[in-house]
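Please keep the model open while you read.

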Amino acid sequence: MAEPQQDAPQGAEDATMVRIGQAIMLHRGGDREEARNRFAALWAETDPEADLFHRCTIAHYMADTQDEPADELVWDLRALAAADALKGDEVSWDQHQLAVRSLYPSLHLNIAAGHAKLGDESAARSALERARDKLDALPADAYGEGIRAAIERLEKRLADGAGSPGGIADGWGGSEDHLP
């Protein structure tokens, strides 16, 4: 088994995070295609067993660059799988524990939104419940309040009828609905 990423030289880890940040900035600047290309390259370069925190982060942001809701959901599920693998007993994740714990509500929220976009109300509600179960990990700051508000918005949209024209599948989207 490969060594956990925490044992990587600090400079190498920082360089990967810098590149992830650059791709995020490209996406936020409107260059989705280049951001998607860079995330894809980073994904290919990272070790699925040793670079779990990086892979979680890459997949989380790669989802935002997708054009199709099904592809977005696949990347959101990859981010969750990497976060779950980070928690495994065999992985030392001490330095990333707080970051990943506070990311879980967003990961589940994004999965719920993906299911809602695809018209799977039941799966969306289930993922929202998991997001709510993780809210205690969020600080009482702007990020935490943003996640809480997004959960409330999606719950309201589901209650208003996800399958109807103009409902979730037609009306959910945009960068404000897929939070970091």
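1. Let me begin with a question: leaving aside its neighbours within four places in sequence, which residues is L42 in contact with? They are T16, R19, I20 and I58. Please bear in mind throughout that this is a predicted model. L42 itself sits in helix α2, and its relative accessible area is 2%, so L42 is buried, the cut-off being under 20%. A further landmark for L42 is A23, 19 residues away in sequence, with 9.6 Å between the two C-alpha atoms.

2. Now the overall picture. The protein chain has eight helices and zero strands, and along the sequence the pattern reads α-α-α-α-α-α-α-α. The chain has 180 residues, 46% of which count as buried. Its accessible surface comes to about 8800 Å², and carbon and sulfur atoms account for 51% of that. If we take the contacts between residues at least 6 apart in sequence, 62% of them join residues at least 24 apart.

3. Two packed helices are described by the angle between their axes and the distance between the axes, and I use both below.

4. Helix α2 covers residues 32-45 and helix α3 residues 52-64; their axes come within 10 Å and cross at roughly 155°. Angles over 145 degrees count as roughly antiparallel, so α2 is roughly antiparallel to α3. The crossing of this pair is left-handed. On the α2 side the contact is made by R32, R36, F39, A40, L42 and W43, and on the α3 side by R55, I58, A59, Y61, M62 and D64. Sorted by class, the contact of α2 with α3 has eight nonpolar residues, four charged ones and no polar ones.

5. Next come α4 and α5. Helix α4 (residues 69-86) packs against α5 at an angle of about 155°, with the axes 9 Å apart. These two helices are therefore roughly antiparallel to each other, and α4 passes α5 in a left-handed crossing. From α4 the contact draws on P69, E72, L73, D76, L77, A79, L80, A83, D84 and L86; from α5 it draws on V100, Y104, L107, H108, N110, I111, G114, H115 and K117. By class, the contact of α4 with α5 has eleven nonpolar, four polar and four charged residues.

6. Two residues of α5 are worth checking one by one. L107 is found in this helix, and because its relative accessibility is 1%, L107 counts as buried. Beyond its neighbours within four places in sequence, L107 is in contact with C56, H60, A79, L80 and A83; A79, L80 and A83 are among the α4 residues in the helix contact. The C-alpha atoms of L107 and D76 are separated by 6.7 Å, although the two are 31 residues apart along the chain.

7. The other one is H115. Is H115 buried or exposed? At 17% relative accessibility, H115 counts as buried. H115 lies in helix α5, which spans residues 97-117. With its neighbours within four places in sequence set aside, H115 is in contact with L73, D120, A123 and A124.

8. Helix α6 (residues 121-133) and helix α7 (residues 142-159) pack at about 155°, with their axes 11 Å apart. That makes α6 roughly antiparallel to α7, and their crossing is left-handed. E121, A124, R125, L128, A131 and R132 of α6 meet I151, E152, L154, E155, L158 and A159 of α7. By class, this contact of α6 with α7 has seven nonpolar, no polar and five charged residues. A124, seen here, is also among the partners of H115.

9. Finally, do look at the loop between α6 and α7, where L135 is found. L135 is buried, with a relative accessible area of 11%. Leaving aside its neighbours within four places in sequence, L135 is in contact with P105, I147, R148 and I151. Its C-alpha atom is separated by 8.1 Å from that of S102, 33 residues away along the chain.

Note on methods. Residues are numbered from 1 along each chain as its sequence is written. This is a predicted model: local features need pLDDT of at least 70, side-chain atom pairs count only at pLDDT 80 or more; totals for chains, interfaces and linings use all residues. Side-chain values use heavy atoms; hydrogens and water are left out. Axes are lines fitted to C-alpha atoms, for helices over the stretch in contact, and angles run from 0 to 180 degrees between N-to-C directions. Helices (H or I, at least four residues) and strands (E, at least two) are DSSP runs, numbered from the N terminus. Angles under 35 degrees count as roughly parallel, over 145 as roughly antiparallel, 65 to 115 as roughly perpendicular and the rest as oblique. A crossing is left-handed if the near helix is turned anticlockwise from the far one by less than a right angle, and right-handed if clockwise. Contact means heavy atoms within 4.5 Å. Ala, Val, Leu, Ile, Met, Phe, Trp, Tyr, Cys and Pro count as nonpolar, Asp, Glu, Lys and Arg as charged, and the others, Gly among them, as polar. Buried means under 20% relative accessible area, exposed over 50%, partly exposed in between (1.4 Å probe, protein chains only). Accessible areas come from the Shrake-Rupley method with a 1.4 Å probe; for residues, only the protein chains shown count as cover.
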